[in-house]
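Notes follow in the order I looked things up.

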Amino acid sequence: MIIEDERLLADSISEVLQHKGFEVETVYDGEAGLQYAELGIYDLLILDVMMPKVDGYTVARQLRSKHLGTPILILTARSALEDRITGLNAGADYYLTKPFDIRELLACVNALLRRQGSQVDEMTFGNTALDLSSATLICGANRIRLSAKEFEIMRYLLQAGERNLSKEAILSRVWGLESEAVENHVEVYIGFLRKKLASIGSDIRIEAIRRLGYHLEVCQDDPPAAL
């Protein structure tokens, strides 16, 4: 997500990133950016500093205070050493000053995404792996393919680990902010995933916490035998 009040710049960056295959959403003030970023559905935030309503440093601090680990790339005209230190101390992972070369921006984006493991081929939790290239859950010799929605939900849960994901966050991430899907859709697909995990003998459990959402746990008991 791009949080930048200079609309022309924000839209230009968005166009470049989309051309490179990224899905991009853009907001034009810090308050809206903070609200969306708190959903925890984004792989990376590109964040301006000098914005109306809420400045970028405050956005970064509030996100980090809520233990959201989304990588943050600060993109600003404030180039003094003190500003860089403030940005990094606020929780930014990288600080890029304007004007900038688009090639450097793309390099930063790719580096930050690699750092959080979004470009690996496999994600693991407990005794189970999710093959990202084939959308397949693997437990020992047992394998099962996931539908597109199941795959996106499972990947999101694996990224979050033991952190709770609300139904709203899952809806936004998997179905999109403009979708008419409802929370029952999430419940149905969580049910599908639970059955598929059990069918391959996985020790992963998708736990539900009332009003907080879902998270993954490793079952301490012996996992069920594969069907």
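Which residues does Lys167 touch, not counting residues up to four places away in sequence? I get Glu183, Val186, Glu187 and Tyr214, with contact meaning heavy atoms within 4.5 Å.

Housekeeping before I go on. This is a predicted model, where local features need pLDDT of at least 70 and side-chain atom pairs count only at pLDDT 80 or more, while totals for chains, interfaces and linings use all residues. Residues are numbered from 1 along each chain as its sequence is written, and side-chain values use heavy atoms, with hydrogens and water left out.

I find Lys167 in helix 7; helices (H or I, at least four residues) and strands (E, at least two) are DSSP runs, numbered from the N terminus. Its relative accessibility is 22%, so Lys167 counts as partly exposed. The cut-offs I use are buried under 20% relative accessible area, exposed over 50% and partly exposed in between (1.4 Å probe, protein chains only). I also checked Lys167 against Leu39: they sit 128 residues apart in sequence, and the C-alpha to C-alpha distance is 10 Å.

Next I took the helix pair itself. The axes of helix 7 (residues 167-175) and helix 8 (residues 183-199) come within 9 Å and cross at roughly 85 degrees. Axes here are lines fitted to C-alpha atoms, for helices over the stretch in contact, and angles run from 0 to 180 degrees between N-to-C directions. The two helices are therefore roughly perpendicular to each other. For the wording, angles under 35 degrees count as roughly parallel, over 145 as roughly antiparallel, 65 to 115 as roughly perpendicular and the rest as oblique. Helix 7 makes the contact with Lys167, Ile170, Leu171 and Trp175, and helix 8 with Glu183, His185, Val186, Glu187 and Tyr189. I sorted these residues by class and got 5 nonpolar, 1 polar and 3 charged. In that scheme Ala, Val, Leu, Ile, Met, Phe, Trp, Tyr, Cys and Pro count as nonpolar, Asp, Glu, Lys and Arg as charged, and the others, Gly among them, as polar.

**Helix 3 and its neighbours**

Which residues of helix 3 are buried? My list is Gly56, Tyr57, Val59, Ala60 and Leu63. Seen down the axis of helix 3, these buried residues fall within an arc of 160 degrees, so they line one face of the helix; the arc is that of the directions from the helix axis to the C-beta atoms. They pack against helix 2, strand 3 (45-47), strand 4 (72-76), helix 4 (81-90) and strand 5 (94-97).

I looked at two of those partners. The axes of helix 2 (residues 30-37) and helix 3 (residues 56-65) come within 10 Å and cross at roughly 20 degrees. That makes helix 2 roughly parallel to helix 3. Gly30, Leu34 and Ala37 of helix 2 meet Val59, Gln62 and Leu63 of helix 3. By class this contact has 4 nonpolar, 2 polar and no charged residues.

With helix 4, the axis of helix 3 comes within 8 Å and the crossing is roughly 25 degrees. Helix 3 and helix 4 are therefore roughly parallel to each other. From helix 3 I noted Tyr57, Ala60, Arg61 and Arg64, and from helix 4 Asp83, Thr86, Gly87 and Ala90. This contact divides into 3 nonpolar, 2 polar and 3 charged.

**Single residues**

Thr70 has its place in the loop between helix 3 and strand 4, and I have it down as buried, at a relative accessible area of 12%. Beyond four places in sequence, Thr70 touches Tyr42, Asp43, Leu44, Leu45, Arg64 and Asp93.

Cys108 is in helix 5 (residues 102-115) and counts as buried at 8% relative accessibility. Leaving aside neighbours within four places in sequence, Cys108 is in contact with Leu73 and Tyr94.

**Backbone checks**

Is the peptide bond from Lys98 to Pro99 cis or trans? I read cis, with omega near -5 degrees. Pro99 is in the loop between strand 5 and helix 5.

Ala135, which is not glycine, has a positive phi, near 55 degrees. Ala135 lies in the loop between strand 7 (128-131) and strand 8 (136-139), and is buried at 15% relative accessibility. Arg211 also has a positive phi, near 70 degrees, but is exposed, with a relative accessible area of 79%.
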